[in-house]
Amino acid sequence: MFDDTWTWGQPFFGDFWKHKPDLTDPDRAARTIYEAKWKPFFSQIDKKYWYRFAGRPFIYFYNAGTLEPRSAAAPVIAKAEGAVQG
């Protein structure tokens with residue numbers, strides 16, 4: 001899965017996407033990212049089509065400064081990854 005964070009804060013994607021996850025609150029940000037993007041993706045794509053690395057679903061998280069502070073992203077991603085069952 002390729003997760004490009006550009007959609008957060010953009011007006012074309014509806015009210016939900018207007019509110020960017022705040023990476024200083026890892027629990028809430030991880031839950032928001034997982035519920036909004038990762039859960040729908042992994043729920044709709046059959047597991048046999050998931051790209052895996054070391055047996056786990058591979059997620060490429062691309063944040064070019066959309067979600068801040070970038071220095072706080074690691075704990076958020078770790079928490080969100082824990083929710084993906086593979």
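Predicted model: local features only at pLDDT ≥ 70, side-chain atom pairs only at ≥ 80, totals over all residues.

Me: Which residues of the largest nonpolar core touch the most other members?

Reply: In soluble globular proteins, nonpolar side chains tend to be buried together. A nonpolar core is a set of buried Ala, Val, Leu, Ile, Met, Phe, Trp, Tyr and Cys residues joined through side-chain atoms within 4.5 Å. Buried means under 20% relative accessible area, exposed over 50%, and partly exposed in between, with a 1.4 Å probe and protein chains only. Here the largest core has 20 residues, and Leu23, Trp38 and Phe42 touch the most other members. Helix 1 (26-44) and helix 2 (73-83) each supply at least two of its residues; the largest share, seven residues, comes from helix 1. Helices (H or I, at least four residues) and strands (E, at least two) are DSSP runs, numbered from the N terminus.

Me: How many aromatic pairs are there?

Reply: Rings of Phe, Tyr and Trp (its six-membered ring) pair if their centres lie within 6.5 Å; planes under 30 degrees apart count as stacked, over 60 as edge-to-face and the rest as tilted. The count by this rule is ten aromatic pairs. Phe2 and Tyr62 are stacked, because their ring centres are 6.2 Å apart and their planes at 20 degrees. Phe2 lies in strand 1 (residues 2-4) and Tyr62 in strand 4 (residues 60-62), so this pair ties together parts that are 60 residues apart in sequence. Phe2, Tyr60 and Tyr62 form one aromatic cluster.

Me: Are Asp3 and Lys37, which meet in a salt bridge, buried or exposed?

Reply: Side chains of opposite charge can pair when their charged atoms come close. A salt bridge is a side-chain nitrogen of Lys or Arg within 4 Å of a carboxyl oxygen of Asp or Glu. Asp3 and Lys37 meet at 2.5 Å, N to O, and both are buried. Their bridge links strand 1 to helix 1, 34 residues apart.

Me: Which side chain meets Asp27 in a salt bridge?

Reply: Asp27 meets Lys79 at 3.0 Å, N to O. This pair joins helix 1 to helix 2, 52 residues apart. Asp27 is partly exposed, at 45% relative accessibility, and Lys79 is partly exposed at 41%.

Conventions
Residues numbered from 1 in each chain as written. Heavy atoms only, no water.
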